[in-house]
Amino acid sequence: MIYKKRHLSMLKIHKMRNLVSVKEFDLSYEGLDAFRDKINPLLHMTKEDIILDFSEIQISLDSSAIGELMKFHSVLEKKGLKLCLKNVNKLIRTVFKLNKLDTILTLID
């Protein structure tokens, strides 16, 4: 495992399955740049789907966070891979469904 810290945020990348544990700060306005910087190398180097684990996300996402997820999706899609979101809360699922993002992003339980 690789552990990286910044502003009380911890990003855990489990290399075997490309599972990334996401913290609320990672997807906040203040933390999004640092999260992007941490994820980009993985996006460009991986040969497997990436799973973002949202189990610690209790809030909804703002438009900038959703935009970043769509950028991550696009990078992986060009490589024939998927961005999967795991343990997404009901509020975020509703936002994705209303915007038809649930047809683009892969949501898993």
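Let's begin with a lysine: at 15% relative accessibility, Lys23 counts as buried, because the cut-off for that word is under 20%. Keep in mind as you look around that this is a predicted model. What does Lys23 pair with? Its partner in a salt bridge is Glu56, and the closest N and O atoms are 2.6 Å apart. This pair links distant parts of the chain, with Lys23 in the loop between β3 and α1, Glu56 in the loop between β4 and α2, and 33 residues separating them. Glu56 itself is partly exposed, at a relative accessible area of 41%.

Why can such pairs form? Side chains of opposite charge can pair when their charged atoms come close. A search of the whole structure finds five salt bridges, so let's visit some others. In helix α1 you will find Asp33 and Arg36, three residues apart, which is about one turn of the helix. They form a salt bridge with closest N and O atoms 2.9 Å apart. Both are partly exposed: Asp33 has a relative accessibility of 47%, and Arg36 has 23%.

Arg36 also meets the side chain of Glu68 in a salt bridge of 2.9 Å, N to O. Glu68 lies in helix α2 while Arg36 lies in helix α1, so this pair ties together parts that are 32 residues apart in sequence. Is Glu68 buried or exposed? Its relative accessible area is 5%, so Glu68 is buried. Step back, and you can see a network of salt bridges that links Asp33, Arg36, Glu68 and Lys71.

Now follow helix α1 along its length. It has 14 residues and reaches 20 Å from its first C-alpha to its last, close to the 20 Å expected at 1.5 Å a residue. There is a kink of about 30 degrees at Ile39, shortly before the proline Pro41. The buried residues of this helix are Leu32, Ala34, Phe35, Lys38, Ile39, Leu42 and Leu43.

Next, look inside. The largest nonpolar core has 27 residues, and Leu52 and Phe54 touch the most other members. Which helices and strands each supply at least two residues of this core? They are α1 (32-45), β4 (50-53), α2 (63-78), β5 (83-86) and α3 (90-98). The element that gives the most is α2, with six residues.

Our next stop is the loop between β3 (19-21) and α1, where you will find Ser28. At 16% relative accessibility, Ser28 counts as buried. A polar atom of its side chain lies 2.7 Å from the backbone oxygen of Phe25.

Let's finish at helix α3. At its start, a side-chain oxygen of Asn89 comes within 3.1 Å of the backbone nitrogen of Leu91. Leu91 belongs to helix α3 and is partly exposed, with a relative accessible area of 47%. Beyond its neighbours within four places in sequence, Leu91 is in contact with Ile59 and Ser60. Leu91 and Leu61 are 30 residues apart in sequence, and their C-alpha atoms are 9.0 Å apart in space. Just after α3 comes Lys100, which takes a positive phi of about 60 degrees.

Notes
Residues numbered from 1 in each chain as written. Predicted model: local features only at pLDDT ≥ 70, side-chain atom pairs only at ≥ 80, totals over all residues. Heavy atoms only, no water. Core = buried A, V, L, I, M, F, W, Y, C linked by side-chain atoms within 4.5 Å. Buried < 20%, exposed > 50% of the residue type's maximum accessible area, 1.4 Å probe, protein only. Helix = DSSP H or I, 4+ residues; strand = E, 2+ residues; numbered from the N terminus. Polar contact = N/O pair within 3.5 Å; in protein donor to acceptor, adjacent residues only side chain to side chain. Contact = heavy atoms within 4.5 Å. Expected span 1.5 Å × (residues − 1). Bend = angle between axes of the 7 residues up to and from the residue. Salt bridge = Lys/Arg side-chain N within 4 Å of Asp/Glu carboxyl O.
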